[in-house]
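Here is a short report on the structure shown below. Keep the sequence at hand as you read.

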Amino acid sequence: MKDTGLGWSTIRLATIVVCLFMFAPVAVVMLLSFNSSQFGSFPMEGLSLRWFVELWHNDAIVRAFQTSLVLGALTSMISTTIGVLASMAMVRYDFPGKRLVSTALVAPILVPEVVLAVALLLFLQFLSVPKSFPLLLAGHVIFTLPFVVLVVQARLVGIRREYEDAARSLGANPLQTFREVTLPLMLPAVLAGMLFSFTISFDDITGTLFWKPGGVETVPTQIFAMLRNSISPEINALGTVMVLITVALPLTGAALARRLAARMRGR
Amino acid sequence: MDESTRYERLLARYRDGDIDRRTFLKMLGLAGMAAGLAGGPFGLLTPREAKAAVEQVRFDGWGGVVSEAFREYAFKPYTKATGIEVVDGTFGGADEYLARVRASQPGEFNIAHLSGVFDYARYDGLGLSTTLDEDNIPNLKLVIETLQKPFRRITDGRLSAVPYDYGTTGIAYNRKYVSDEEARDKGAKLLIDERFKDKIGGWSEWKTRIWYAALQTGQDPNDIEDMDAVWDAVRQHRDLALKYWSSGAELMSLLGEEEIYVTEGWSGRIRALQDQGHDIGYLDPPGGLAWQECLFVIKGSPMAACEELLNFMLEPEVAIAVAEGQNYPPALNPKKVDLGEKVPTLPAFDPSGTLASLNFFDPAYWNDHEGQWSKTFGRVQRGY
Amino acid sequence: MTATARGDRRPWVLLTPALTAVTLLLVIPACFIVVYSFWLRTGTGAEQAGFYLDNWREVLTDPFYRDILGQTLRIAGISTLVCALLGYMPAYFIAYTRFRHRAYLLLLLMLPFWISYIIRTMSWISILGVSGAVNALLQWLGIIDEPLQMLYNEPSVILGLVHFLLPFMILNIYVSLDGIDRSLTDAAKSLGCTGWQAFREVTLPLSLPGLAAGCLLCFVLGAGTYITPMILGGPTDAMFANLVYEAIITQLNWPLGSALSLVLLALLGGLVAIYTRYLGIDQIAKSFR
């Protein structure tokens, strides 16, 4: 199917509809972050930037945001590295007990998170290990791992062994083969895995609630603690900022690259 | 926690007969191993408070305005005066917090902003209570006596917590659809009025549900005789209700956006809605439910440091700032302290300082039935 | 393709970090759950150690748990199916579009995740609630006089779940579609296949690993969630994870909560076993040989 024809138009239409569905809550949150009142009744009563101002001055939320970013980034790096290695083993080799290993790798998402959280705490209590940031990180790695493994495996299966064999027959050592052939071929899956693990870690509540050491708060736990009274629209403003960063950064990056390229050509 | 305190704690447990000799030795070994791990490459990543654990107090409470007020008015001056750092954490619910405390090591959590005498009794029942040296908390003299009494009754005259604020769970109604007279006439029965089918809400908490069902069936909630009638009333409410809410934020958005017209609600949250211009009425019906919150010191905490912090937190300016933030009156006696302009206007506020008009959960009664009733409610709310 | 002699140590080297993590952080703690499930909760909430079968008897014989389990599987199943139906076409679009920054489209799909889960779920009240955007629009257009009641029922729980799960489905399908050698479809067409036939005979089967992985993820995540039913469901819309959460957090009945979660674990584990056996990596890898 090419970019033409009835089939393709249907697909494009379906994609647009799904996108609308996906972005509806995002749109609402962004709209409400400019709302002068605290609640989301439509039609809105007035526009204001006060929530952004308050967000800027709210140390607790800004700190939580930084923690979430660092935690998410570290989680995605570690979990993707471990996950890619494991996926290579699973797809490229046959070994006894493979099915068991395969189940074990997905197991972290099979246990309800609240149980996993309490069980891990009991274990630590037994060992008398205090809670710490590395522990929180380890917890996040363990339950983002299945996402990475699943997505990378699905991709690796499709990469034909012949490419690697060809590289090797041309004299590349295994490491070179991996770097020059395998890795580029599975890059989309690696990126997807990183994106997955970052997002899951960034958005996790239950596990974080239990594992966080004193003084460490992530954005979700901050929000959770606000639930009793009321969630401040500053959180909406934070969401808007995040969305704008995600949308704007790559766009400006691309624009800059284009301009740079144009100038180079002009010379 | 450094090495020696960990060792001392294990030793104490061994001496108390908490663990046997073999376990003790095993845990010593494991603790040593873990310390080695923690001190290795991970040690670099450990947050500073874990290392500089010379003197610090861990406080856990509700986030948002409440914790901002505490940080600004109590923790900063406290740290300045004593050099002791306050590490503050948050929780989203009292139950979730207790689960965490139970799975932690002694001394990890120190002071918590807990709800209810019921929770106080629960912590005491789990062996987590302490004895405060009241001489170290001069501000305790400003606290309403009535609020201290139930705590002292549970812990034999001692206190393991200081009362901090109180509120009611009354009936909230949208005045567009329900007149004040109708609300007053019907009282608790407003919540099971067929007229509002699918416009009724309720807190998904078993104690509150049972309390109001007892009122609806004309019984004393602290001495229920016909439990079957109570469950039937709970079921009746469930079938008429659109939604059980589980947090103040949800309560406010449900009422504020007119998803529901009547529900029981927390006084401070309804006040916040009214402040935002929503036309919501609030009524404490006869026999209506009041509750109090306390600052509880958990077993294994550095007592002197905690007592001093409690004293800071009970300073009128701190208590008033927190009260204005969350819209619940402070536990300070209005006859002894000038509470400013806003506090006397808060719902549930009692100017007499006696709280004689309010009804609280009888902790012994409710704790006795906790296991059975909370489980039964778990089923009833799902349609059984 | 996976021809390796027995006793080869290379796969184990590759697996060591992952297996160490899983063992330390999952398997050993899980043993605690198993032990706990045989204990008893006493009146005060403390546990009594020992070997009691009470929790298991209750969990396995009480129709209440069976009903909720059935409801959970139904809701998770429907959500997964909806995700697969809704997710395939966008994934196909992203994989085959000529738009240069395709990876960027993926990033955009994750946008809703930057808005925290609770906020995102609660924002449906502002969209579908009686004073929400949809009702306001319909009333303004004069299509309805009274606002429609769309929330707090099973469909709204499914809606919330689909919204949460859809990106996982799309990403998984995309990744496998993107890995398909384009020359295969071209070959099929040159042999006289129509576009649709080429899709059905070549592309769809080759994208099955991704679809299967996506379905597995969606089902498992859907069955394990408790926040969505809590916020978007009516009083009776509960899932099994809500019961686990209540037993552990509200009732502090850790032994019962452990038994409940082991039931859920066994069920989902069985599903994964079926997946690895019939749809899993091994099976699909073989079809490539």
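In this predicted model, B:Arg175 and B:Asp279 form a salt bridge, with their closest N and O atoms 3.7 Å apart. B:Arg175 lies in the loop between strand 4 and helix 8 (180-186) of chain B, and B:Asp279 in the loop between helix 12 and strand 8 (280-283), so the pair ties together parts that are 104 residues apart in sequence. B:Arg175 is partly exposed, at 40% relative accessibility. B:Asp279 is also partly exposed, at 44%. Other salt bridges share partners and join B:Glu182, B:Lys186, B:Asp193 and B:Arg195 into one network.

How many salt bridges does the structure hold over all chains? There are 35. Side chains of opposite charge can pair when their charged atoms come close. The table lists some of these pairs.

| Salt bridge | N to O distance |
|---|---|
| B:Arg175 and B:Asp279 | 3.7 Å |
| B:Asp88 and B:Arg71 | 2.7 Å |
| C:Arg120 and A:Asp203 | 2.3 Å |
| C:Asp178 and A:Arg155 | 3.0 Å |

Take B:Asp88 and B:Arg71, which form a salt bridge within chain B. B:Asp88 lies in strand 2 (residues 85-90) and B:Arg71 in helix 4 of chain B, so this pair links parts 17 residues apart in sequence. B:Asp88 is buried, with a relative accessible area of 17%. B:Arg71 is partly exposed, at 24%.

Next come the pairs between chains. C:Arg120 and A:Asp203 form a salt bridge. This pair crosses from helix 6 (residues 117-128) of chain C to helix 8 (residues 174-203) of chain A. Both C:Arg120 and A:Asp203 are buried.

Now look at where chains A and C meet. Here 100 residues of chain A are in contact with 103 residues of chain C. The size of an interface is often given as the accessible area lost when the parts come together. Between chain A and chain C, the buried area is about 9400 Å². Carbon and sulfur atoms give 79% of that area. The rule finds 2 salt bridges across this interface. It also finds 7 residue pairs in polar contact there, both residues being at pLDDT 80 or more. On the side of chain A that touches chain C, helix 1 (residues 5-33) of chain A gives the most, with 16 residues.

Stay with chain C and turn to helix 10 (residues 195-206). At 1.5 Å a residue, its 12 residues should span 16 Å; its end C-alpha atoms are 15 Å apart, which agrees. Which residues of helix 10 of chain C are buried? They are C:Ala198, C:Phe199, C:Val202 and C:Thr203. Seen down the helix axis, the buried residues fall within an arc of 120°, so they line one face of helix 10. On the other side, C:Trp196 and C:Glu201 are exposed. The cover over the buried residues includes helix 3 (63-96), helix 8 (154-178) and helix 9 (182-190) of chain C.

Back in chain B, helix 14 (residues 316-326) has buried residues too, among them B:Val318, B:Ile320 and B:Gln326. What covers the buried residues of helix 14 includes strand 3 (111-115), strand 9 (289-297) and helix 13 (303-313) of chain B. After helix 14 comes B:Asn327, whose phi is positive, near 65°.

Helix 13 of chain B also holds B:Asn311. At 14% relative accessibility, B:Asn311 counts as buried. Leaving out residues up to four places away in sequence, B:Asn311 touches B:Asn136, B:Ile137, B:Pro138 and B:Asn139.

Conventions:
Residues numbered from 1 in each chain as written. Chains lettered and ligands numbered in written order. Predicted model: local features only at pLDDT ≥ 70, side-chain atom pairs only at ≥ 80, totals over all residues. Heavy atoms only, no water. Helix = DSSP H or I, 4+ residues; strand = E, 2+ residues; numbered from the N terminus. Expected span 1.5 Å × (residues − 1). Buried < 20%, exposed > 50% of the residue type's maximum accessible area, 1.4 Å probe, protein only. Arc of directions from axis to C-beta. Contact = heavy atoms within 4.5 Å. Buried area = accessible area lost by both parts, 1.4 Å probe. Salt bridge = Lys/Arg side-chain N within 4 Å of Asp/Glu carboxyl O. Polar contact = N/O pair within 3.5 Å; in protein donor to acceptor, adjacent residues only side chain to side chain.
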